[in-house]
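Visitor: I am new to this one. Can you walk me through it?

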Amino acid sequence: KLFQIMIGTNNREKHPKDVADATKRIIELIRSKHPESKIVLLPIFPRGKTPNDKLRVFNTKVNALTEKFADGENVIWVDFTHKFLDAKGNIPKNIMPDYLHPTECGRLMWLDSMMPIFDKYCK
C-alpha cells in the first residue's frame with residue numbers, strides 16, 4: 001500500500017540533479033509495478049552540524065529538486081527535517097551524534113512524524 005523513499009545522502013560524488021533524476025526513475029519504476037500504491041517521498045535528512053556544512057548544502061539542493069516529484073496524491077512529500085534541528089539550524093548531538101545517523105530519540109521523532117501518514121494510507 002505504501003512505499004517510503006529517502007535516497008541520496010551517500011551520493012556526494014554526483015551532481016544533485018543526477019541524484020534527483022535517479023530518485024525520479026525509482027518513483028517511476030514503483031508506480032509502474034504498483035500503480036495503486038502511494039509513495040511517501042522524504043527529503044534527505046540534514047547532515048553535518050551546521051546549515052553551511054557542505055554535505056547539508058548538497059542534500060538541500062537534492063531535496064529542492066526531488067520535492068517537485070510529489071503530486072500530493074500518489075507521491076506525497078513529507079518533510080519533518082526541521083524537527084532534527086535546533087533554533088540555529090544546527091543538529092543537536094542527542095538527535096544525531098555523528099550529524100548523520102539519528103539516535104533512538106531521532107528515530108522516534110521520525111516514527112512520530114510518519115504515524116499520521118501510516119494511519120491515513122495503511123488502514
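Guide: One rule comes first: two strands pair if DSSP finds at least two bridges between them. Keep in mind that this is a predicted model.

Visitor: Over how many bridges do β1 and β2 pair?
Guide: Pairing needs at least two bridges. Strand β2 covers residues 38-41, and its pairing with β1 runs in the parallel sense. Within it, I5 stands opposite L41 in β2. The count for β1 and β2 is 4 bridges.

Visitor: Which strands stand at the edges of the sheet?
Guide: The open sheet has 3 strands in the order β1-β2-β3, with parallel pairing. Each edge strand has a single partner, so one side of it is left without a neighbour in the sheet. The edge strands are β1 (2-5) and β3 (75-77).

Visitor: Which helix packs on the sheet?
Guide: Look for a helix that touches β1, β2 and β3. Its direction makes about 150 degrees with that of β1. It spans residues 104-121 and is helix α3.

Visitor: How far apart in sequence are the parts that F45 and F84 tie together?
Guide: These two rings form a tilted aromatic pair, 4.8 Å centre to centre, with 55 degrees between the planes. F45 lies in the loop between β2 and α2 (54-66), and F84 in the loop between β3 and α3. The pair therefore ties together parts that lie apart in sequence by 39 residues.

Visitor: What is the volume of the largest pocket?
Guide: The largest pocket is lined by 13 residues, with M6, T9, I44, F45 and L100 nearest its centre. By class, the lining has 7 nonpolar, 5 polar and 1 charged residues. The volume is about 170 Å³.

Definitions and conventions. Residues are numbered from 1 along each chain as its sequence is written. This is a predicted model: local features need pLDDT of at least 70, side-chain atom pairs count only at pLDDT 80 or more; totals for chains, interfaces and linings use all residues. Side-chain values use heavy atoms; hydrogens and water are left out. On a 1 Å grid over the protein atoms alone, a cavity is a set of points where a 1.4 Å probe fits but cannot get out, and a pocket is an open set with protein on both sides within 12 Å along at least five of seven lines; lining residues have an atom within 4 Å of a point. Grid points are joined across faces, edges and corners, and a volume is the space filled by probe spheres set on the points. Ala, Val, Leu, Ile, Met, Phe, Trp, Tyr, Cys and Pro count as nonpolar, Asp, Glu, Lys and Arg as charged, and the others, Gly among them, as polar. Helices (H or I, at least four residues) and strands (E, at least two) are DSSP runs, numbered from the N terminus. Contact means heavy atoms within 4.5 Å. Axes are lines fitted to C-alpha atoms, for helices over the stretch in contact, and angles run from 0 to 180 degrees between N-to-C directions. Rings of Phe, Tyr and Trp (its six-membered ring) pair if their centres lie within 6.5 Å; planes under 30 degrees apart count as stacked, over 60 as edge-to-face and the rest as tilted.
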